[in-house]
Amino acid sequence: MMLCRYREALEDSQQAVRLDNSFMKGHLREGKCHLSLGNSMAASRCFQKVLELEPDNSQAQQELKNAESILEYERMAEIGFEKRDFRMVVFCMDRALECASACHKFKILKAECLALLGRYPEAQSVASDILRMDSTNADALYVRGLCLYYEDCIDKAVQFFVQALRMAPDHDKARLACRNAKALKAKKEEGNKAFKDGNFEAAYDLYSEALTIDPNNIKTNAKLFCNRATVGSKVKTRTIH
């Protein structure tokens, strides 16, 4: 645990209580490992077992409260994400990570929300830290891709989404983001070609179609609006809405 190797520590503490189910310290250690990894329900069961063995154990009482707090922060974060209140989610995950410092799930959710808030360097940093420890983490690969996608680095973003899908073929968010990224790139390139060919009406329509693909991609859409404005200034024969 001192080396932050919580999964190994968890295995050792579980082996300790398998050998001696009345070993109070073993249950306490197991609970602390579960808590650090963000497994609040499992942690609660361990601390309750400690309190069965030693009802006045103040450490177990406090850790049980910590586990309950994390469950509450998870619940609040879920509601926040549904309401697209990403600042609330980041706040909840920061609080949860104070006790569950090694929980990749909480870190990834925080990183995803940072990306959705436009705080790309912070999001990239969190995702990169996880990938250093686990290069096959599909969620972290997805967040890296999401940051690149929103920074208008579409080709690089697609590489990360494809990698995420290779690791987790049923990763719905990565699949949707990959589809949007490819569609945006294709439609923008079609518009650019039409513009170069002097087909301004078609270019205008293509840029308009591209703008409907993902309203959240501000940087790419800003360029599309700029391109459409240029085309609009050359289309003299129709009323543009």
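User: How far apart do the end C-alpha atoms of residues 24–57 lie, and what share of the span is helix?

Analyst: First, the basis. This is a predicted model: local features need pLDDT of at least 70, side-chain atom pairs count only at pLDDT 80 or more, and totals for chains, interfaces and linings use all residues. Residues are numbered from 1 along each chain as its sequence is written, and side-chain values use heavy atoms, without hydrogens and water.

Helices (H or I, at least four residues) and strands (E, at least two) are DSSP runs, numbered from the N terminus. In residues 24–57 the end C-alpha atoms lie 10 Å apart, with 79% helix and 0% strand. Residues 184–217 have 74% helix, 0% strand and end C-alpha atoms 10 Å apart.

User: Which residues of H9 are buried?

Analyst: An α-helix has 3.6 residues a turn, so residues three or four places apart point the same way. Buried means under 20% relative accessible area, exposed over 50% (1.4 Å probe, protein chains only). In H9 (residues 154–167), Ile154, Ala157, Val158, Phe160, Phe161, Ala164 and Leu165 are buried. They share one side of H9 because their arc around the axis is only 165°, taken from the directions from the helix axis to the C-beta atoms. On the other side, Lys156, Gln159 and Arg166 are exposed.

User: What covers the buried residues of H9?

Analyst: Contact means heavy atoms within 4.5 Å. The cover includes H8, H10 (172–196) and H12 (218–234).

Methods
The expected span of a helix is 1.5 Å times one less than its number of residues.
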